[in-house]
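Subject: Structure handover, aromatic rings

Hello,

Here is the structure we spoke about. Please open it beside this email while you read.

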Amino acid sequence: MTHITKLLLLLRFVSPFTVPKSSTLLLHRQSSSSLREARDNNSAEQLLAQAKAIRDSIPSSTDTTGTANDVMVNVQNEFALPPSNSDDSSSCCSTNDYKLTVDIGREPGTWMDPRWGASGRRIEFTLDVSFPIITSSSSENYGSSSSSENREEEEVVVALASRDIATSLLKCVTSQSNSVSRVYEMKYAPYARLKGGFDKMAILDGGYCIETTTSSNRVSSSSTLRFCISVAGTEENNNGSSSYGDVSIPKGNLYFAIPYFGIRSKDGKMAISTKEGTVTVKQMGWHTGWRREESRILGMFRMQQI
């Protein structure tokens, strides 16, 4: 058999659709790939458009409110003294800003309930306060008996405390023969800082006065700075139970007392003892022989000028 005859026989057994079928499959694959690329491109364009819309909807950094810095400022303002107001009557007099470091717990000789603070646990908190004082010549007699003219000037320059604070604070005067100044309004931070700032206690009101005790021969005298701060207390935390164990700060007035040495001539500031003062509360009891309101030691405190 010749070569030509073998070639003809071989061509008869070859399928006539072999070449066209492979060509069709190749075209189908190319078409599917093009469709996928077009679909991916459309998806990418849609995602870019959505990202651009979100980015445009976000305000610039200068217009952002509630940022981390703003939150930090708000937290700091809770524990800081309020800014002075130019329209406030106390803005025309000198101020004494102090940080109170208060240590609440059972003290020797206290009349607090025997179960209160029996475990030895303590509550420590800090509070920023300010005492407006007079910068005029009457400041020399500040806290002592002065003329009616000076007293009128004091009343005009320094605002008086609320009636409730004044009435409560004057009950702490140790003797009716002592000389007591008017009860003036004091400034204070909105909250006391507890647990290093992880807890807080609202401050509601406050006022202060100067009590002067004169010796029988009127040769020497001593003075005490007394101030009263109304607090929300810690007893209402955790649905009425204290989160500090068997020690708590009762809701109401806290009374502070510390030795006072007058006004320093060099800077016109109050001279206050650097030693500890006492913190007391008023509660009903029988320790004096009959049921009456008693003064009970709640803790100790120090004052640091700021």
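Below are the notes on its aromatic rings.

The model is predicted. A pair of aromatic rings is described by the distance of the centres and the angle of the planes. There are seven aromatic pairs in the count.

Take Phe131 and Phe227 to begin with. Their ring centres lie 5.3 Å apart and their planes stand at 70 degrees. Planes over 60 degrees apart count as edge-to-face, so this pair is edge-to-face. Phe131 belongs to strand β2 (residues 123-133) and Phe227 to strand β8 (residues 221-231), so the contact ties together parts that are 96 residues apart in sequence. Phe131 is buried, at a relative accessible area of 0%, and Phe227 is buried as well, at 0%.

Next come Tyr184 and Tyr208. With centres 5.8 Å apart and planes at 45 degrees, the rings of Tyr184 and Tyr208 make a tilted pair. Tyr184 is in strand β4 (residues 184-185) and Tyr208 in strand β7 (residues 199-214), so this pair ties together parts 24 residues apart in sequence. Is Tyr184 buried or exposed? Tyr184 is buried, with 0% relative accessible area, and Tyr208 is likewise buried at 0%.

The charged end of Lys195 is over the ring of Tyr244, 4.6 Å from the ring centre. That of Lys282 is over the ring of Tyr255, at 5.9 Å from the centre.

Regards

How values were computed:
Residues are numbered from 1 along each chain as its sequence is written. This is a predicted model: local features need pLDDT of at least 70, side-chain atom pairs count only at pLDDT 80 or more; totals for chains, interfaces and linings use all residues. Side-chain values use heavy atoms; hydrogens and water are left out. Rings of Phe, Tyr and Trp (its six-membered ring) pair if their centres lie within 6.5 Å; planes under 30 degrees apart count as stacked, over 60 as edge-to-face and the rest as tilted. Helices (H or I, at least four residues) and strands (E, at least two) are DSSP runs, numbered from the N terminus. Buried means under 20% relative accessible area, exposed over 50%, partly exposed in between (1.4 Å probe, protein chains only). A charge sits over a ring if NZ of Lys or CZ of Arg is within 6 Å of the ring centre and within 35 degrees of the ring normal.
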